[in-house]
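Please look over the structure shown here. The report below walks through its parts.

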Amino acid sequence: MNSITKSLLKSIKHGQAAWLRSSSTHSGKQCLPKLVLGIETSCDDTGAAVVDDAGNILGEALHCQKEVHLKTGGIIPLVAQQLHRENIEQIVKEALSISGVSVNELAAIATTVKPGLALSLGVGLEYSLKLVNKYKKPFIPIHHMEAHALTIRLTNQVEFPFLVLLLSGGHCILAVAQGVSDFLLLGQSIDIAPGDMLDKVARRLSLSKHPECHSMAGGKAIEHLAQTGNRQHYTFRVPMQHYRNCDFSFSGLQNLVNKVIIQKEKEEGLQKGELLSCIKDIAAAAQHAVAVHIVKRTYRAMLFCIKHSILSPKNATLVVSGGVASNQYIRKGLQILADANGFAFLCPPPRLCTDNGVMIAWNGIERLRAGLGVLHCTDGIRYEAKLYLL
Ligand code: KG4
Ligand code: ZN
């Protein structure tokens, strides 16, 4: 059992979503729990997990490609595809064997089919369809961002509707989750996602060469260095302050940070790729600007939801998820915002914010319970790389 699996089993042993499992008992008789295998390959993580309808994570396995992509300075889709191909069988076997469940015992197989990198999505879909056809199992196609959005219902008791903010390497979305497959889109990034911006800044600062963070994802490396940096040494203008909507923008901010880096390299007589002395201060100021932008746009969404009675001020909840939501500084800013506006604030634990098989299996359970998108025939099923919103 790997360490990720151990820690997951420890913390979510009792299935904190047991509150949802009202339909598993019938006429006083206890029915067997429904089990779903989830498979995730939309980007650079090969993940698989078996979850039951009470939210017990029975087994999980994850292969992360991050170190390979850090060396090449970004994800090369063909490399990601090859690594998914090399690992998917082993990862699925590991998740099944840890859970002590055979494919025959599964109620369904759930797999990410959108959005993501086409070549990566294709590997997970092809492998899943082989299993589905061999074992004659129902198939549940999963929307990766919906899975991020509903992970919170595995770990906490949250009823619809709630405001959800999704912050990842590929997306930035504000929406109201109104049901398992019912999302009201309030805003999204008009250019790049916050994780993408932080990854680009981290690459431009050559953080993979920094002894304290050589194997960390870009956003995580920025967070780590920012802890001991002084953000007040640099001020980056917060984007979109005059836009009266809930959209985001991060590419202008990235350019501002780049300009400062170039300026500092000149001053210190360094070539691109050499580590600046003020690296921690730049990381802290960039992280702060990202956090302030996210908090301001989320505040607009909160006001909108209350004004239009989409959420009740008595029990409004803000849920934040996606890889960038594992950033403690950004979380803190959002927590303060939620407290100030009477919103409950919920975030899955960091390991469930980044990509994983558990969130896909859990979305499968949610869909199975709601009877939504459970396919008994997979003819014509395709992956969709592009995001057609929620
Ligand atoms: O959700 P995710 O695992 O994959 C996508 O669906 O994109 O998010 C990955 C992104 C990367 O850009 C990574 O740099 C960022 O999440 N990330 C972080 C942190 N950990 C991962 N960003 C800021 N702070 C972190 N601690
Ligand atoms: Zn993701």
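The model is predicted.

**The open sheet**

Start with the sheet. Its 5 strands form an open sheet in the order β5-β4-β3-β6-β7. The pairing is mixed. Two strands stand at the edges: β5 (57-64) and β7 (139-143). Each has a single partner strand, so one side of each is left without a neighbour in the sheet. Neighbouring strands here are turned by 20° against each other on average, direction ignored.

A helix packs on this sheet. This is α4, residues 118-135. Helix α4 touches β3 (35-40), β6 (108-114) and β7. The direction of α4 makes about 155° with that of β6.

Now take one pair of strands in the sheet. Strand β4 covers residues 45-52 and pairs with β5 in the antiparallel sense. The two are joined over 7 bridges. In one of the bridges, aspartate 45 has cysteine 64 of β5 as its partner. As a rule, side chains in a regular strand alternate between the two faces of the sheet.

**Two hairpins**

Strand β8 (residues 162-167) pairs with β9 in the antiparallel sense over 6 bridges. Leucine 163 stands opposite valine 176 in β9. The two strands form a hairpin, with 4 residues between them.

Strand β9 also pairs with β10 (residues 182-188), in the antiparallel sense and over 6 bridges. Here isoleucine 173 has glutamine 188 in β10 as its bridge partner. The hairpin that joins β9 to β10 runs through 2 residues.

How many of the residues of β9 are buried? In this strand, residues 172-179, the number is 7 of 8. Strand β9 is thus mostly covered.

**A buried helix**

Helix α8 spans residues 218-226. Of its 9 residues, 7 are buried, so α8 is largely enclosed by the rest of the structure. The buried residues are Gly218, Gly219, Ala221, Ile222, Glu223, Leu225 and Ala226. What covers them? The cover includes α7 (194-204), α10 (279-307) and α11 (328-340).

**A patch on the surface**

Ile76, Leu78 and Leu119 form a nonpolar patch on the surface. Together they have about 250 Å² of accessible area. Isoleucine 76 sits in the loop between α2 (66-72) and α3 (77-99). Its relative accessibility is 37%.

**Backbone details in loops**

| Cis peptide bond | Omega | Loop with the proline |
|---|---|---|
| Lysine 114 and proline 115 | about -25° | between β6 and α4 |
| Phenylalanine 160 and proline 161 | about -5° | between α6 (152-155) and β8 |

Two serines also deserve a look. Serine 206 has a positive phi of about 55°, although it is not a glycine. Serine 309 has a positive phi too, near 55°. Serine 206 lies in the loop between α7 and α8. Serine 309 is found in the loop between α10 and β11 (317-321).

Serine 309 is exposed, with a relative accessible area of 63%. The cut-offs are under 20% for buried and over 50% for exposed.

Key. Residues are numbered from 1 along each chain as its sequence is written. Chains are lettered from A and ligands numbered from 1 in the order in which they are written. This is a predicted model: local features need pLDDT of at least 70, side-chain atom pairs count only at pLDDT 80 or more; totals for chains, interfaces and linings use all residues. Side-chain values use heavy atoms; hydrogens and water are left out. Two strands pair if DSSP finds at least two bridges between them. Axes are lines fitted to C-alpha atoms, for helices over the stretch in contact, and angles run from 0 to 180 degrees between N-to-C directions. Contact means heavy atoms within 4.5 Å. Buried means under 20% relative accessible area, exposed over 50%, partly exposed in between (1.4 Å probe, protein chains only). Patches are made of residues with over 30% relative accessible area and no salt bridge: like charges are joined within 9 Å, nonpolar side chains (Val, Leu, Ile, Met, Phe, Trp, Tyr) within 5 Å. Accessible areas come from the Shrake-Rupley method with a 1.4 Å probe; for residues, only the protein chains shown count as cover. A salt bridge is a side-chain nitrogen of Lys or Arg within 4 Å of a carboxyl oxygen of Asp or Glu.
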